[in-house]
Amino acid sequence: MTHQTTTLTHPTRSHPPTAVVTGGSAGLGRAVVAALAADGWQVITDARDGDRLTAAVQAIRAEVPNARITQLVGDITDADHRAALAVAVDAAGRLDLLVNNAGVLGPASGEGRYRRLVDVTAEDVGYLWRHNVGAPLVLTALLLPRLVANGGTLLSISSDAALEHYQGWGLYSASKAALDHLTATFHAENPEIAAYAVDPGDMRTAMHQEWFPGEDISDRPLPESVVPHLLGLIADRPPSGRYRAADLPPATSTRPTSPQEV
Ligand SMILES: NC(=O)c1ccc[n+]([C@@H]2O[C@H](COP(=O)([O-])OP(=O)(O)OC[C@H]3O[C@@H](n4cnc5c(N)ncnc54)[C@H](OP(=O)(O)O)[C@@H]3O)[C@@H](O)[C@H]2O)c1
C-alpha cells in the first residue's frame with residue numbers, strides 16, 4: 001500500500017498529539033475519545049447535552065487516569081461554539097486529527113425519522129444539511145490551518161448510506177455523500193493533510209436505535225469494535241479516500257511503540 005509522505009512536526013511531552021472529536025458523549029465518538037486518550041492523545045470533544053458529556057468524560061477518566069480531555073458543551077452548528085473549539089486547539093498547541101463524527105438523522109420535524117423524499121420539507125433539508133454538511137465544512141475550514149501545519153488527518157464519519165439508496169433515508173444519505181465529497185475536496189485542495197471518509201458500518205448506538213424504533217438491535221456490533229480500524233487508519237495513513245472501517249487493518253495504537261517524543 002502506498003503511503004503519503006508529509007513533513008510532520010513531532011509531538012512533545014508538553015504538546016502531545018491532539019485531536020478534536022465532535023460528538024464525544026455517546027456512541028462512536030465516545031469510543032474514539034476513550035481510545036485516543038488511552039493512546040496518549042490530548043482530546044478536545046463536545047456535545048450539546050452537558051450532563052451526558054460530563055458523565056462520559058468522567059467514565060473515560062475512571063478507565064484512563066491520565067486522560068487529557070477538554071470537554072466543551074455546544075452545538076457544532078453554532079459559530080461561537082466552533083470558535084471555542086478553535087481556542088481550545090490553540091491552548092493545546094497543535095492539531096493532528098479532526099474527527100467529524102457528530103451527526104443527526106433528521107428530519108427535524110414531523111413524526112418519525114423515516115421520510116420519503118417526496119415528503120421532505122425545506123425545514124428538513126435545512127436542519128440536516130446544517131448539521132451533517134455545513135457544520136463539518138465550516139469547522140474543518142476553521143481548523144484547517146492548524147491541521148495543515150502538522151500534516152494532520154481529517155476523518156469524517158460517513159455511512160454506507162452515502163453510496164446505497166435506502167427508501168426513507170434519502171436526505172440523510174445525501175448529506176453523508178456530500179460530507180464524503182467535501183472531505184475528498186479538502187484533500188485535493190490541501191495535499192499536506194490526509195483526508196478520509198469512513199463508513200463505520202452498523203453500530204449499536206442511540207442513532208441506530210432511532211432508525212429502528214422498537215427493534216432489538218443487540219445483534220449490531222458496539223462502536224468500540226470499529227475503533228481499532230480507525231486507529232489503524234490513523235497509524236498507517238493510507239492514501240486519502242473513502243474506506244469501509246471493516247476493510248482497514250486494525251491496530252491497538254496510532255503510534256509506534258517507541259514514540260519519537262522529545
Ligand atoms: N450508528 C450507526 O449504525 C451508524 C452507521 C453509519 C454511520 N454512522 C455515523 O456515525 C456517527 C456517530 O453516530 P452514533 O451512532 O455514534 O451517534 P449517537 O450515538 O447518536 O451519538 C452522537 C454524538 O454526537 C453528539 N452530537 C450530535 N449532534 C451534535 C451537534 N450538533 N453538536 C455537537 N455534538 C453533537 C451527540 O451528543 P448530543 O446529542 O448531546 O449533542 C453524541 O455525543 C454519525 O456521524 C453517524 O451518522 C452511524
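In the predicted model described here, N100 stands opposite S156 in β5, a placement that belongs to the parallel pairing of strand β4 (residues 97-100) with strand β5 (residues 153-157) over 4 bridges. Two strands are taken to pair if DSSP finds at least two bridges between them, and the elements themselves are DSSP runs numbered from the N terminus, with helices (H or I) of at least four residues and strands (E) of at least two. Residues are numbered from 1 along each chain as its sequence is written. Because the model is predicted, local features need pLDDT of at least 70 and side-chain atom pairs count only at pLDDT 80 or more, whereas totals for chains, interfaces and linings use all residues.

The sheet is open and consists of 7 strands in the order β3-β2-β1-β4-β5-β6-β7, with parallel pairing. Strands β3 (68-73) and β7 (241-244) stand at the edges with a single partner strand each, so that one side of each is left without a neighbour in the sheet. On average, neighbouring strands of this sheet are turned by 20° against each other, direction ignored; axes are lines fitted to C-alpha atoms, for helices over the stretch in contact, and angles run from 0 to 180 degrees between N-to-C directions. Further along the sheet, β1 and β2 run parallel and are joined by 4 bridges, with V21 opposite T45 in β2.

Two helices may be described against this sheet. Helix α4 (residues 122-149) packs on it, touching β1 (18-21), β4 and β5, and its direction makes about 175° with that of β4. Helix α5 (residues 170-189) likewise packs on the sheet, where it touches β5, β6 (194-199) and β7 and makes about 160° with the direction of β6. Contact here requires that the C-beta atoms of two residues, placed from the backbone, lie within 7 Å.

Both faces of β1 are covered, since T18 and V20 on one side and A19 and V21 on the other are all buried; a residue is buried if 20 or more other C-beta atoms lie within 10 Å of its own, exposed if 12 or fewer, and partly exposed in between. Not counting residues up to four places away in sequence, V20 touches I44, L85, V89, L95, L98, V99 and L143. V20 is also among the residues with the most contacts inside the largest nonpolar core, together with V32, V33, V43 and L230, and this core has 52 residues. Its largest share, 8 residues, comes from α1. Apart from it lies another core of 6 residues, including L105, L128, L171 and Y172. A nonpolar core is a set of buried Ala, Val, Leu, Ile, Met, Phe, Trp, Tyr and Cys residues joined through C-beta atoms within 7 Å.

In helix α7 (residues 227-236), the buried residues are V227, H229, L230, L231, L233 and I234, and these pack against α1, β4, β5, β6 and β7. Just after α7, R237 takes a positive phi of about 50°.

The ligand is surrounded by 31 residues, of which G23, G27, R48, G103 and T205 are the closest. Elements α1 (27-38), β2 (42-47) and α6 (206-211) each supply at least two residues of this shell.

In the loop between β3 and α3 (79-92) lies G74, which is partly exposed, with 19 other C-beta atoms within 10 Å. Leaving aside neighbours within four places in sequence, G74 is in contact with D46, R48, H81 and A84.

How values were computed: Near = placed C-beta within 6 Å.
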